[in-house]
Every structure is written in C-alpha cells, then in structure tokens.
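Let's take this one step by step. Have a look at the structure first, then we'll go through some questions about it.

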Amino acid sequence: MSERLFGIHGAALELRSQRMGLLTSNIANAATPGYKARDIDFASALAARTNGAATDQALAANTLYRIPTMDAADGNTVELANEQLAFAENAVAYSATLSFVQSKVDSVKRALKGE
C-alpha cells in the first residue's frame with residue numbers, strides 16, 4: 001500500500017536513510033586504520049527497488065567500496081571532505097523527499113476529513 005500511496009518517494013526515503021547511515025559510518029571511521037569507505041549507488045538502488053527488489057536486496061547489490069584519490073599509508077580509504085560533501089548532498093535530498101512524503105500524507109488526511 002505504501003508504494004501505491006507514496007510512489008517512488010517512499011522507496012527513496014528508505015534508501016536515503018540507509019545511505020545516511022553508511023556515510024556516517026565512513027566519517028566516524030576516518031581515522032581507523034584499514035577501514036574501507038563504502039557508498040550506495042543511489043540511482044541503481046532506487047531502480048532496483050522500484051522494479052520490485054526488497055530494500056535489503058537493492059542495497060546489497062548497489063553498495064560499493066569507494067576508490068580513493070590518494071592511497072593512505074594505513075590503508076584507510078575515507079576521504080573526509082568527500083564524505084562530508086556526500087553526506088550534505090544526501091541530507092538535502094532526504095529533506096526534499098521527506099517533504100514530498102509529508103505532502104502526500106497531508107493530502108490523504110484532508111481527503112479523509114472531507115476537506
């Protein structure tokens with residue numbers, strides 16, 4: 001029902017939330033030796049999700065390790081500036097998606113009230 005009600009925005013909100021957690025993990029581990037930064041290919045994950053894949057399947061198939069611009073001596077692949085930029089962009093997109101979902105909820109509430 002949520003897919004019919006929220007359309008692509010419900011799936012996008014789920015995926016953006018998962019991506020936020022992954023980017024947060026990358027930032028938190030910026031100083032951890034050997035940590036390998038990961039990210040989600042959002043467009044591919046969303047396409048998989050809208051084509052019927054479960055959220056977990058879409059994420060698993062589209063989570064990739066980042067390739068660093070410069071190798072770190074300790075094997076860590078987190079580039080803090082890139083992670084912060086990706087986090088900020090995802091946060092803005094999450095907020096916009098949440099606004100679409102909230103608008104849809106408000107429309108349904110008005111319809112149920114007969115307004």
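Q: What share of the contacts with a separation of 6 or more comes from residues 24 or more positions apart?
A: In this predicted model, residues 24 or more positions apart account for 74% of those contacts, where contact means heavy atoms within 4.5 Å.

Q: Why is Thr55 called buried?
A: Thr55 has 15% relative accessibility, and buried means under 20% relative accessible area, with exposed over 50% and partly exposed in between (1.4 Å probe, protein chains only). So Thr55 counts as buried.

Q: What makes the pair Thr55 and Glu14 a polar contact?
A: Their side chains are joined at 3.5 Å. The rule asks for a pair of N or O atoms within 3.5 Å; within protein, one must be able to donate a hydrogen and the other to accept it, and residues adjacent in sequence count only if both atoms are side-chain atoms.

Q: Which residues of helix H3 are buried?
A: In H3, residues 42-50, they are Phe42, Ala45, Leu46 and Arg49. Helices here are DSSP runs (H or I, at least four residues), numbered from the N terminus, and strands are E runs of at least two.

Q: Why do the buried residues of H3 line one face of the helix?
A: Seen down the axis, they fall within an arc of 100°, so they line one face. That arc is of the directions from the helix axis to the C-beta atoms.

A note on the numbers: residues are numbered from 1 along each chain as its sequence is written, and side-chain values use heavy atoms, leaving out hydrogens and water. Local features need pLDDT of at least 70, side-chain atom pairs count only at pLDDT 80 or more, and totals for chains, interfaces and linings use all residues.
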